[in-house]
Amino acid sequence: MLCPHLKMALTKLLNEHTLEKPIYLLPPRIYGMMTLDAIIEDGEDIINLFETHHKNPVVFPGEENLLRIKRNQSYRKTYGRIKPMDIRVFYSMNSDIHFIRETVFMKEQGFQNEFDEIDEHCTFVVLYIEDMPVATCRFYEKEGKWYIGRVCTLKEFRGHSYGTLVMQEAERKLHGQTDRLYLNAQVRASHFYETLGYKKTDIISDDEGVSHVLMYKEI
């Protein structure tokens, strides 16, 4: 656990090294008040989160911006315990992946041609909450380039960074296989990918009347 003013130093450290232990920046108020119970309880929950997605620094859902955290109690006392979460990787389409994508892209957003031949040679990431599939993405190689796509989260589970977590798991799986990732983002959702380090190109395409922009990220 680190005090919040070490955020910049931690960013530099993580850019240079891969750490195998969870790193957690204490929220400003908890650090300032040195609330021991909150520190202990957050620590226990941070360890569990790290065991799920192995991403540093570890953050609680909705607390990506350290300066906006206003709580002075532990996360579990403020928002309730985090429900059991599991991230799984599959090498073929299954009913859980089909359910999430059909619900989000077809029923909610109105796409008709959601499933394609690319699905036949993709790797899929699925995030489960209490064994219920709630978020997914896929990744695949095409003409020597690696792409991430079909990132989506069921509507009732949004706002907890589950889309970020499946993206991070895909990136982790691809680490060492490529130094650049690509994705075609809906223009209206491109800001989400920018927050994850992706940059826009000037290549725009159309998918069933929805504009998409090609984006990339160095890894």
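**Strand pairing and burial**

Analyst: In this predicted model, strand 2 (residues 123–129) pairs with strand 3 in the antiparallel sense, over seven bridges.

User: Which residue takes a positive phi in the hairpin of strand 2 and strand 3?

Analyst: That hairpin has two residues between the strands, and glutamate 130 is the residue that takes a positive phi, near 50 degrees.

User: How does strand 3 pair with strand 4, and over how many bridges?

Analyst: Strand 3 and strand 4 (residues 145–153) also pair in the antiparallel sense, over seven bridges, and here lysine 142 has lysine 145 in strand 4 as its bridge partner. The hairpin of strand 3 and strand 4 has two residues between the strands, with glutamate 143 taking a positive phi near 55 degrees.

User: Why is strand 3 described as largely enclosed by the rest of the structure?

Analyst: Burial is judged by relative accessible area, with under 20% counting as buried. Strand 3 spans residues 132–142, and eight of its 11 residues are buried, so the strand is largely enclosed by the rest of the structure.

User: Does glutamate 41 count as buried or exposed, and which residues does it touch?

Analyst: Glutamate 41, which lies in helix 3 (residues 36–53), counts as buried because its relative accessibility is 15%. Leaving aside residues up to four places away in sequence, glutamate 41 touches Ser74, Arg76 and Lys77.

Note on methods: Residues are numbered from 1 along each chain as its sequence is written. This is a predicted model: local features need pLDDT of at least 70, side-chain atom pairs count only at pLDDT 80 or more; totals for chains, interfaces and linings use all residues. Side-chain values use heavy atoms; hydrogens and water are left out. Buried means under 20% relative accessible area, exposed over 50%, partly exposed in between (1.4 Å probe, protein chains only). Helices (H or I, at least four residues) and strands (E, at least two) are DSSP runs, numbered from the N terminus. Two strands pair if DSSP finds at least two bridges between them. Contact means heavy atoms within 4.5 Å.
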